[in-house]
Amino acid sequence: MTSLLGWNESTPTLTPIDSCSVQLAACGCVSALGDAAETHAALLRGERALALQPVCGSAGGDPVPLSLLAGRNLDETCPPSWLAPVKKLMRGCPDAPWGGVRHPVFVTSSNFGVGNLFAFRRFGGLSHLEYGTPETSVSVIARELGWRGNITILSHACVSANLGLMLAARQLASDIADEALVLTFDFLSPFVAGGFYALKILNSEWPAPYQARDVSAIGLGDGAAFAVLRKPSSGWIIAGQTLHNEMHHFTAFPAGSGGFAACIDPLVRLASGRRLWIKGHGTGTLESGRLEAEAFRRACPASPLVGWKGSLGHTLGSNGLVELAVALESLRSGRIPGTVGSAAPTFSENVSLGPIVDSSFDGVVCASNAFGGAHAALLLCHA
Amino acid sequence: MLERYVSCLGTDDAGVEDPASIRARLRGVFTAPFGRRSTILGLLIGGVLRKALERDCGAIVYASAFGESRTLADFLDSFPHPSPTLFQTSVHPSAVQQVMIDRQRPVTEYFPLAGGRCLVARALLTALLSPADRVLLCGGEERGSWMCDHRMASDRGFAFALALERNRNASTQGRLRLEPIADAGGSLSAAPWMMSSSEWFDLLQAGRGYSGPISAEWRLELEWS
């Protein structure tokens, strides 16, 4: 395992590429718009899954844009209403002795079963507690899916899925694993909606990623996804991954933030010679949207930038892999959904508002951000 | 075989110490705003990381099963008027983030692990697979409030931090080595137990060595100079 840029820990804004190239052997997701193919098709049509709903579920509150899976309510049930969709999603996962010695599993989420913890505290019912911590919620999934015990649980807010992908790649590159499974899930509850509402970025406005306007607004969405990684041979590969943590403020970036470029620039250099498009993080907050759009404009001005959270909402810890599954559909089909929910003027001229039909693209950089100035990005391309 | 040298070790056995006492005990070692505003787990982690953070690092691996259980409980109880401050500090990776934000110290990699039956083994493997020359491995638990009654929080407070380096140097205090159990001549069925975070902490606190399995897949050799 080597670093393409070399580590220089006295200048930590220089982010190396993890050169553990891996094959994306299988990938799937579920969002409020359906599975990966259905989500991709709906985004191409410009459909918006978000709908205004009371922020605290049955307890009411201001209307905020949420995209819940069909049949799900914000108030969590027991067993949790996310369990059946996760099990259905995993029917698309290739069979393997997952959780065995050479088949590690990485489960990532920002919120795990916290909706059950909220339900217990607000309404009672000890049975909710079986799902209330990361460990217990993952244990339920492992039992339902017949996994063995080699499971790593990660939680780093909205870059959680990216960490799972990176650790899986490292175990493959180190010959510790033959195949690795990454499962990510994040389902909304009053706990999560109430938290973002308290931060005043979840409000009654619709999110418009990369649109230059006066209001910051995000939407939140349900999401789950999986990826099976193998050592690279052929097909689609994750050619490189980057991470960077600014550690400046929980919810703000430093002036002239270099965190976006620290993750983006090495991947753009790695993709030299390829025709790239960009799937940005693009939540709809003004500061991060402006910084991200500018960083991509500087690094790869000819590459169109799109973001999908104006339709799907921000699927939190799962967003990196949910949107990777849709990006894979886009690369396969040569049809890339535009930035649904946004309108001109945009923060930079490289933002694409409408869908792009062009089969000559041969790579996509996918980016995610999180609390604490956490950045993650990866390059998906054909081997 | 995966190997790293321990160049710095910090531990804090807070046990059942109450939050006010922990805050008073550790307040003086931090900036005033951090001492006032940090979560209890943030204080414990900040305390054990202090010496390790005197030098740069390329990666931090953090292991906690319950994370910010007190803040999580307080945030739940803030409804129907949810607190923005409690929300953002209740997220799992918050303890280390509070420390690093207070110091305005960026870091390339940050891997917060969130429980699981083999948390110690997973955290060690994550640290030893990092390409960074210097990795900080830290973790711990704060003693929970009402969530303890439901085994959803720790009933013991503790924190640890180790600086792990690729090469032996003048500051080396010990060595960590992970070997796959099959390669070590054992079999999967011979792995009798999994080392808990609390047991791992006790090893570090006592400065004891260890040679044996820590999960079904991994055997740990821990030696002190």
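## A residue inside chain B

Let's start with one residue: B:Leu136 sits in strand S4 of chain B, a strand that covers residues 134-141. This is a predicted model, so please keep that in mind as you look around.

Is B:Leu136 buried or exposed? B:Leu136 counts as buried because 27 C-beta neighbours lie inside 10 Å, and the cut-off for being buried is 20 or more. Leaving aside residues up to four places away in sequence, B:Leu136 touches B:Leu49, B:Ala52, B:Cys57, B:Ile60, B:Ala161 and B:Ala163. A residue that lies elsewhere is B:Ala182: along the chain B:Leu136 and B:Ala182 are 46 residues apart, and their C-alpha atoms are separated by 28 Å.

## Chain B as a whole

Chain B has 8 helices and 8 strands, and its C-alpha atoms fill a box of roughly 55 × 40 × 30 Å along the principal axes. Of the 225 residues in chain B, 56% are buried. The radius of gyration of chain B is 17 Å, which agrees with a compact globule, because a globule of 225 residues would have a value near 17 Å.

How do parts of the chain meet? Take the contacts in chain B between residues at least 6 apart in sequence: 74% of them join residues at least 24 apart.

## How confident is the prediction?

For chain B the mean pLDDT is 94, and 96% of the residues reach 70 or more. One stretch to treat with care is residues 184-191 of chain B, where the pLDDT is below 50; beyond near neighbours in sequence, this stretch has 12 contacts in the model. Where pLDDT is low, the predicted coordinates should not be read in detail. For the complex, the predictor gives an ipTM of 0.96 and a pTM of 0.96.

## Where the two chains meet

Chain A is divided into domain 1, residues 24-230, and domain 2, residues 234-382. The C-alpha centres of these two domains of chain A lie 20 Å apart. Their contact takes 61 residues from domain 1 of chain A and 55 residues from domain 2 of chain A.

Several elements supply at least two residues each to the side of domain 1 of chain A that touches domain 2, among them strand S1 (22-31), helix H1 (36-44) and helix H5 (160-173) of chain A. The residues on this side of domain 1 of chain A divide into 37 nonpolar, 20 polar and 4 charged.

## A sheet in chain A

To finish, find the open sheet of 3 strands in chain A, with the order S3-S4-S8 and mixed pairing. Which strands are at the edges? The edge strands are S3 (51-54) and S8 (220-221) of chain A, and each pairs on one side only.

Strands of a sheet pair through backbone hydrogen bonds, either parallel or antiparallel. Here S3(A) and strand S4 of chain A, residues 63-67, run antiparallel and are joined by 4 bridges. Within S4(A), A:Val64 stands opposite A:Gln53.

Notes:
Residues are numbered from 1 along each chain as its sequence is written. Chains are lettered from A and ligands numbered from 1 in the order in which they are written. This is a predicted model: local features need pLDDT of at least 70, side-chain atom pairs count only at pLDDT 80 or more; totals for chains, interfaces and linings use all residues. Two strands pair if DSSP finds at least two bridges between them. Domain bounds come from an automatic or database domain assignment. Two residues are in contact if their C-beta atoms, placed from the backbone, lie within 7 Å. Ala, Val, Leu, Ile, Met, Phe, Trp, Tyr, Cys and Pro count as nonpolar, Asp, Glu, Lys and Arg as charged, and the others, Gly among them, as polar. The radius of gyration is taken over C-alpha atoms; the globule rule is 2.2 Å times the number of residues to the power 0.38. A residue is buried if 20 or more other C-beta atoms lie within 10 Å of its own, exposed if 12 or fewer, and partly exposed in between; C-beta atoms are placed from the backbone. pLDDT is the predictor's confidence in each residue, from 0 to 100.
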